[in-house]
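Please look over the structure below before reading on. The briefing then goes through it topic by topic.

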Amino acid sequence: MNLKQRFFSRVVNRLGWIYDTFLWGFYRLFPATARSIKSDLPVAIGITTFLNRFELFFKPLVRKLVFLFPGCRIIVAANGSVLREEQQNYLHELREFCGIYSNVELIAYDDPRGLSHLWNRIMGAAGNEKVLILNDDLNLKTGFGRFLRDSGILNVKIATINSSWSHFLISKEIYKLVGEFDEELKEVGGEDDDYLARLAINGMRPADFRCDAVARKKKKRRSTPQLNSYGKDMTKETGGYSSYNTSYLRKKWEISDDYFEGAVEIPRSRNRFWKLREHGSG
């Protein structure tokens, strides 16, 4: 695709999102016309979030999910923070907001936990349902429900959307077979690669589905760094997320761009080959 084609594609994509913004407004004004975009799906929806995301990301996402999936359980895992006073104020507002919706369940923490821990708590709360786990910084089009219903993603045991673990589906069968997400990853980052390698050891690879009805929201540039739940500026962390998690993965796994004996391959352009070290655990 040349430069002109890429520019045209970006313009068309942007216009599509602008048009869908008007659709959301129309459906909220005339909810009786929205039957075709709503779905009651055989899955639970899990969302991980934390205090910096509440107004800009989390609330708009939940409103859209409740509208699209009125019969689905939405399980929210809200991380703790080192900012004690701000965290208590946030949790108060979060509980009030989630309490508006009968199908939203909240798991909340005072102190920071790793993303693996949050995912595991969502899986535990979901029981035997398949779970669609979402980041909180997603924008959804009105057609997202139709995508889930019609794409075939609900027929597979584990899948990513647009090759990203910002939005993935996992069945309890896979979760029991491969095991919980590794909670030794005590911060944020690397959980997906670790699980991909463990899936590969078991001879499995997630399906992937393309979807133009979901995208990451762009974050506004700020003059001061945005800190994560641990009070760390992730732009200064190894790997862009967590120096701790990156170090732990390197101790647990041998990782290389090139194949070596005993390694399994995961779907990545770099660091594709992984092998558990002798002291590593699955």
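**Briefing: salt bridges, helices and cysteines**

Lys-252 and Asp-194 form a salt bridge, with their closest N and O atoms 2.8 Å apart; a salt bridge is a side-chain nitrogen of Lys or Arg within 4 Å of a carboxyl oxygen of Asp or Glu. This is a predicted model, in which local features need pLDDT of at least 70, side-chain atom pairs count only at pLDDT 80 or more, and totals for chains, interfaces and linings use all residues. Residues are numbered from 1 along each chain as its sequence is written, and side-chain values use heavy atoms, leaving out hydrogens and water.

**The Lys-252 pair and helix α8**

- The pair links distant parts of the chain, with Lys-252 in helix α8 and Asp-194 in helix α7, 58 residues apart; helices (H or I, at least four residues) and strands (E, at least two) are DSSP runs, numbered from the N terminus.
- Lys-252 is buried at 3% relative accessible area, and Asp-194 is buried at 1%; buried means under 20% relative accessible area, exposed over 50%, and partly exposed in between (1.4 Å probe, protein chains only).
- Helix α8 (residues 243–252) has as its buried residues Asn-245, Tyr-248, Leu-249 and Lys-252.
- Seen down the axis of α8, these buried residues fall within an arc of 100°, so they line one face of the helix; the arc is that of the directions from the helix axis to the C-beta atoms.

**Other salt bridges**

- The count comes to 17 salt bridges.
- Glu-173 and Lys-157 meet through their side chains in a salt bridge (2.9 Å, N to O).
- Glu-173 lies in helix α6 (residues 172–178) and Lys-157 in the loop between α5 (144–150) and β6 (158–161), so the pair ties together parts that are 16 residues apart in sequence.
- Glu-173 is partly exposed at 49% relative accessibility, and Lys-157 is partly exposed at 42%.
- A network of salt bridges links Arg-53, Asp-136, Asp-137 and Arg-216.

**Cysteines**

- Zero disulfides are found in a search of the whole structure; a disulfide is a pair of cysteine sulfur atoms within 2.5 Å.
- Cys-72 is in no disulfide, and the nearest cysteine sulfur, that of Cys-211, is 15 Å away.
- Cys-72 is buried at 1% relative accessibility, and Cys-211 is buried at 9% relative accessible area.

**Helix α1**

- Arg-14 is in helix α1 (residues 3–29) and counts as exposed, at 54% relative accessibility.
- Phe-7 is in helix α1 and is exposed, with a relative accessible area of 52%.
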